[in-house]
Amino acid sequence: MKKRLLFLLCAASVILTGCWDSIELNDIAIVTGMAIDPGKEKKYRLTVGYVNPAQYSKQNPAHGAPVSIMTLEGNSLPEISAKMNVGVSRRLIFSHTRALYINEKVAKEDGVSHFLDSLERSPQFRNDFNILITKNNSASDFAMINDPVERVPSLKVQKSIKSLLKSWGGDPRVRLTDFIDAIIAEGRSPVASTVVIDGDPEKGQNAESNMEVKAPARIMLDGLAVFKKDKLIGYLSLDDTRNYLWTQKLESTMISIPCEEDGDKNNPLYFDIVITNNKSEMKTYYKGNQPQLELNIFSEASINSMQCQKDLSSKEIYTELEKRSDKQIKNMITETIKKVQNDFGVDIFGFGEALNRQHYKKAKKVLGHWNEEFSRADVDVNVKIALRRSGTRNKSFISELPKKDVED
Amino acid sequence: MSKKLVENISLWQLAVLMFTFEIGSVAVVGVGTDTKQDAWIAVGVATVLGAGLVWFYVYLLKQLPGRNLFEMITFCFGKWLGKIIGLLYVYYFLYISARVLRDFCELITSVIFENTPIEVISITMVGICAYMLYLGLEVFGRTGEVFIPYVFTFIILIGLAILFSGEFQMKNLLPILGDGLGPILKHVFPRLLTFPFGELVTFMVIIPYVSHFAKAAKVSVFTVLISGFIIIYGTVIEIASLGARQMERTVFPLLSAAREISLLEFIERVDLVIVFVVMFGIITKVSVFLFGGLKGLEHIMNIPYRYLVFPVSMIIGYIAIQISANNAEHIEEGIRFIPLYMHIPFQIIIPILMAPLLIWKVKKQKRRSDANGSR
Amino acid sequence: MGLADFLFNRRKHKNNNKITAEELFQQENISKKYYKSLDKNIKQIQELFEHSFDFTVDKIKLGDTDACVCYLGTMLSKDTLTNKVLNSLHPQNDHPKPKDINSIRDNYFPTVSYEYADTFHTVVWNVLNGYAVIMVDGQGKALSLEIGNIEKRAITEPSTQTIIRGPKEAFTEDINTNISLIRKRIRNPHLKFESFYVGRDTKTHLVIGYMSTITNADILEEVKKRIEKIDIGGVLDSGNIEELISDKSFTPFPLIFNTERPDSICGHIMEGKVALILDGSPFVLTVPSVLTDFFESSEDYYQPFLMSSFVRLIRYMSFMIALVLPSLYVALSTFHQELMPTQLLLSIQAQREGVPFPAVIEIFVMELTFEIMREAGVRMPRAVGQTVSIVGALVIGQAAVEAGLVSNVLVIIVAFTAIASFVSPIYNFSISTRLLRFILILFSAIFGLYGVLLFLIVMVIHLVSLRSFGVPYLAAVAPFNIKEQDDIFVRFPIWANRKRPSYLYPESPMKKKGKNIPSPPPARGGGK
């Protein structure tokens, strides 16, 4: 009996002093977006956007702002985020962060590695938020632009990126660990998506802006930011981003290709193909002392629209269109790679990693100065498009029109 | 010799215990991270060597059927020297069990409970082990049987989930053997061979209680191969989903890999499943070492081990915290000091020294009993 | 032609497979011979029915000839027996001296329907079927008189273990009725019923029933030993017995199976378990029981095996849900917010806005409320039952949510947990989950998911350390036996399930010899 009592006492001491890590749902604020700007007095200015849960309540939805933001300055992210409660009533929970906005100035001048370490180290942050470089406006503006459909702005951005990847491709699919890996890697340089605000951020912050059909401000994706080590050195356009993605892993995209190579310059005619299945293979090797970058792309596609008079029920036309597409896509991708070689001189494609995989001994020698090697390398892109089908029609009704009418 | 109440475990239970023992702390800290993308090859090599080592242990046990490691030591080295070596083994087993416990505590405190005192985790965990051992080896074996399906399916499922989440990139495994076999062999011996495979030396205390002792060798070798295969599977998952660079950086590779899972937009953030697998593996591992130590004490002090379970386990709970001041010290000890000064002598040198002595003594005893019989 | 052949062959096939009672007895090594000597016959039949307390041999005199009446007291109406048979055999009755068995019947029992038994097999079969068999010295056959069934209290449908398909009989408070319900299903002389009297003051009749050819002798010995050890003033229900003979009292899990379904008891007896029937209690116990018994309903064997396997898996799942769901909610919402998908977390948080209690208190209060409502529902007069459900569902559930005292999610969780806890076919088992659930909530409030895991592991350790009459409580799972898996989590077709559970160490491990997989006749039309 005494033993049992003793045991109970021990158990009670644990139970009564327990709950070190528990926190009620009413006492937390779920952070969905973080924005980092250069600080005025200290190193950084951090803005966090956290959800206002009453907005999500089904019973009595309050008509307040869906998110609330708080801004503080400090020298490191953990320090600032721990201090946030000077103004926020609840403990901030970062595990559901969806987007990290980094002001381009921070990325250009200080580099990003100083705060990325704290994010990777912390058990709270997961590897599923998007890293976004903000152009023009300050990063904190992005954390507060309302969206009428997705009420939480950062959720909106993430969803929109996800949808874009499915339909067109325009985000490099870079997550925190990939980004950090690319910073330390010798055969690859990091990239990140960029975003801009289209419209007036002042108006977009207002919760009432959700009442309007045409949102006064929108967050839009705007291509790629190219880094050298952890410093931002330049931007690529949205089209280049798609081409970049083509070298990596493209889910699906849509391209319009002119029907004739040198057709009517004033009124060019296009056909559209949608890429449904894509496979790209990267090969890096040396021909003598000259590095060779080879990219083999095989894609399956189907025709989505046809502006010119081609009879899609004929096999020859398919072959012809395939050739046109091959050429067009090859030019696009080669151009993007060349542009990166000449403008930035950093290997964002991971050709160096391919060399490391394929020719390990050679890679050991050259990876130390890979970026120079990359800049002077020859590029060879081979594209093979396989057109499979053309929607629910074969011949376009346009081809039935008398030729004259079309020209008019 | 007095007839004791003999507890038996079945061959299947032995296999289950060995399996969970093997994958237990490997699931926490990961293995072979130094060999980068070739870690799985290193594990493969170590598995084969480990299977040989285990066969050797069971071979030793077969010379003296029904006696455990400590009884064997006394048999070989005589009463006093035997007791000293036995005590050293007790010390070794208890120390390693504290270390394993600490591994888990580090995982919990750095991933889940940042504010909870590490003492609470360590005491509760070791409390479970003590309770289980107090109820006996049979209960231990059966508990393993209940949990093994979950442990096994979770490990397999995690791999599949990562595969379907699209995080699985085979190209991370390339280049294979870029630097040749050299660094791998260097890593296999002593580190990979001794941890996790050589640690099976503790099972020399348990295997004598297996009901079909004759088949124990086959089963143990087979189990080691299977668990080696699962460790390879886990390592490949880690490398393919994290990449060799990140794997080197992370403290808990399998956990980090599980964090990449995202299926159907809903099955995500499942990394606590890993904690469950790990938790049961750790309980098994701590208990096996604890049991080894306790049996040694029982042999040396002639007290039934059930009297010692609770005090000794509480001491282990305390040692696990005091063993090192911080995580870095803990890991460094595990890499530099332990394999060289503890694993190799206790897992390899002493058993090898014992082998000729044992065979010679057994032969002598046999000759004598034969002589007695013929007279 | 082909069709006719098919039908004809089929019927023939069926006839060939028919096993008569006598063939059955031959398999069991019961001698066929009916002796002329009464003593030999009596010895023979007494050996066969040894240990069956309800078997009676009344020795009588027919004039100068020795004779005897044998019957199973639980299978026939004793009133009728006395009136029709024993009274007319009374020596005072003036009857001519009987010459042979025919004249005995003509003289003594002209009005009772009868049958002659000329083999010992028939004698045994008739006894088992509730006949009174009169054996006369020097005669080549015995006279079996049909007495008619026992006067029973009306047998009702089971109230606690209802099923959709299958027998709708339940045990009653009368022990003889209960035994006859079992005897009716197992017509076998090896089905023994031994009688004990327990309770120093109440002297309650306790009968153990088992198959002497199946049940392991050690287990039987242990059961008897424990019953003899019972020392208590009075027992009023088999629940008392359960507590007095079970291996361990300090456990929330029932170590002894109870049911009010005769078919279920018969199934257990046929597996090699021992049934304990207490006079005055409609709940019959069987020992040893293992955990998986509590997840099996007798209906599992009456429905197609795929369906019953599925249902069985659902039962195990709902056991887990009933056990851990509330504590998972506490753990996830107060410790591991990062583990929930973002949208789910947002909507749960939104619902909890304004709830004044911590999640633990909230769920504790609601679970307690539910337990109170359940208890009230059981105890109160039937007539007000409707009221309680309305008050419970509407007033407490809805009003509490609307008042903002508890969140919607929580009500869903409590309700779902409650429903899941009713799935267990044996009520006793759901009690254990109710109890453990509260402890589990406490653990999860202290340690989160780690606490839940801690508790579950301790629970499993406790479970595997339990034994029921020497049989490990988790038998077939731990210690694992692959051959037993045909009737644990899923049920294989009946023809595939040929073995009795090996953890019971049955005297005859096989249920049957052949595999007899049902299959259509080999060829249609062609061939023979």
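**Notebook: domains, helices and chain contacts**

I began with the two domains of chain A and found 33 Å between the centres of domain 1 and domain 2, taken over C-alpha atoms. The model I am reading is a predicted one. Domain 1 of chain A covers 24-236. Domain 2 of chain A covers 249-408.

Next I looked up how the two domains of chain A touch. I get 15 residues of domain 1 in contact with 18 residues of domain 2. I then asked which elements give two or more residues to the domain 1 side. They are α6 (153-167), β8 (217-228) and β9 (231-236) of chain A. The most comes from α6(A), with three residues. I sorted that side of domain 1 of chain A by class and got six nonpolar, five polar and four charged residues.

**Helix α9 of chain A**

I moved on to helix α9 of chain A, residues 238-247. Is α9(A) mostly covered or mostly open? It is mostly covered, with eight of its ten residues buried. I listed the buried ones: A:D240, A:T241, A:R242, A:N243, A:Y244, A:L245, A:W246 and A:T247.

I also checked what these buried residues of α9(A) pack against. Among the partners are the strands β8 and β9 of chain A, both of which I had already noted on the domain 1 side that touches domain 2. The other partners are β10 (253-258), β11 (270-287), β12 (290-306) and α10 (315-344) of chain A.

**One residue in chain B**

I picked B:I184, which sits in helix α7 (residues 182-197) of chain B. Why does B:I184 count as buried? I count 23 C-beta neighbours inside 10 Å of B:I184, and the cut-off for buried is 20 or more. So B:I184 counts as buried.

I then left aside the neighbours of B:I184 within four places in sequence. The remaining contacts of B:I184 are B:T35, B:D38, B:I41, B:A42 and B:V45. I also took the separation of B:I184 and B:I352. The two are 168 residues apart in sequence and 25 Å apart in space, C-alpha to C-alpha.

**Chain C as a whole**

Chain C has 528 residues, and 41% of them count as buried. I count 17 helices and twelve strands in chain C. I took the contacts in chain C between residues at least 6 apart in sequence, and 69% of these join residues at least 24 apart.

I noted three domains in chain C: domain 1 (15-146), domain 2 (175-289) and domain 3 (305-472). The centres of domain 2 and domain 3 of chain C are separated by 34 Å, taken over C-alpha atoms. In chain C, 16 residues of domain 2 are in contact with 14 residues of domain 3.

I checked what builds the domain 2 side. Helix α8 (217-229) and strand β8 (257-259) of chain C each supply at least two of its residues. The largest share, three residues, comes from α8(C). By class, this side of domain 2 of chain C has ten nonpolar, three polar and three charged residues.

**A helix pair in chain C**

Last, I took α13 (residues 359-379) and α15 (residues 408-421) of chain C. Two packed helices are described by the angle between their axes and the distance between the axes. The axes of α13(C) and α15(C) come within 10 Å and cross at roughly 40°. That angle makes α13(C) oblique to α15(C). I read the crossing of α13(C) past α15(C) as right-handed.

Which residues make the contact? From α13(C) they are C:E362, C:I363, C:M366, C:E367 and C:F370. From α15(C) they are C:L410, C:V414 and C:A418. I sorted this contact by class and found six nonpolar, no polar and two charged residues.

How values were computed
Residues numbered from 1 in each chain as written. Chains lettered and ligands numbered in written order. Predicted model: local features only at pLDDT ≥ 70, side-chain atom pairs only at ≥ 80, totals over all residues. Domains from an automatic or database assignment. Contact = placed C-beta atoms within 7 Å. Helix = DSSP H or I, 4+ residues; strand = E, 2+ residues; numbered from the N terminus. Nonpolar A, V, L, I, M, F, W, Y, C, P; charged D, E, K, R; others polar. Axes fitted to C-alpha atoms, helices over the stretch in contact; angles between N-to-C directions. Parallel < 35°, antiparallel > 145°, perpendicular 65-115°, else oblique. Left-handed = near helix turned anticlockwise from the far one by under 90°. Buried ≥ 20, exposed ≤ 12 C-beta atoms within 10 Å, placed from the backbone.
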